[in-house]
Amino acid sequence: DPIAASKVVVAYAKDNAKLVILGGSVGVTALDVEGVKALASLPSLDELRGKLVGLLMAPATKIAGIMQAPAGQLARVIGAYSKKEAA
């Protein structure tokens, strides 16, 4: 995970004045100090995967809730009607 290394270095540099970040690289791309700090502020790969799964699951959850709501309403109406008939 290329983001993890930049997070560790940036966090350590905040606490230790002796460490000065001059730049970095990701693959063949060279980064300046601001690029390294921007990379460190990105969410990790696991966080991004979690967000993606959450986004994919949200519509399915909403559809399931919408599909169950009419059945529950119908059951309540039938239950109320049966109680009314019994009385």
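Which residues form a nonpolar patch on the surface?

What you see is a predicted model, where local features need pLDDT of at least 70, side-chain atom pairs count only at pLDDT 80 or more, and totals for chains, interfaces and linings use all residues. Residues are numbered from 1 along each chain as its sequence is written, and side-chain values use heavy atoms, with hydrogens and water left out.

Okay, the layout. The chain has three helices and two strands, in the order α-β-β-α-α along the sequence. Those are DSSP runs numbered from the N terminus: helices are H or I with at least four residues, strands are E with at least two. Of the 87 residues, 11% are buried. Buried means under 20% relative accessible area, exposed means over 50%, and partly exposed is in between, using a 1.4 Å probe and protein chains only.

Now look at helix α1, residues 2-15. Its buried residues are Ile3, Ser6, Val10 and Ala13. Why do they sit on the same side of α1? Because they cover an arc of only 100° around the axis, counting directions from the helix axis to the C-beta atoms.

The largest nonpolar core is made of Val10, Ala13, Ile21, Val36 and Ala40, with α1 and α2 each giving at least two residues. By nonpolar core I mean buried Ala, Val, Leu, Ile, Met, Phe, Trp, Tyr and Cys residues joined through side-chain atoms within 4.5 Å. Take valine 36: beyond its neighbours within four places in sequence, its contacts include Ser6, Val10 and Ile21, where contact means heavy atoms within 4.5 Å.

Quick stop at serine 44, in the loop between α2 and α3 (45-86). Serine 44 counts as buried because its relative accessibility is 17%.

Back to my opening. The patch is Val9, Tyr12 and Leu19, with about 250 Å² of accessible area together. Such areas come from the Shrake-Rupley method with a 1.4 Å probe, and for residues only the protein chains shown count as cover. Patch residues have over 30% relative accessible area and no salt bridge; like charges are joined within 9 Å, nonpolar side chains (Val, Leu, Ile, Met, Phe, Trp, Tyr) within 5 Å. A salt bridge puts a side-chain nitrogen of Lys or Arg within 4 Å of a carboxyl oxygen of Asp or Glu. Valine 9 belongs to helix α1, and at 35% relative accessibility, valine 9 is partly exposed.
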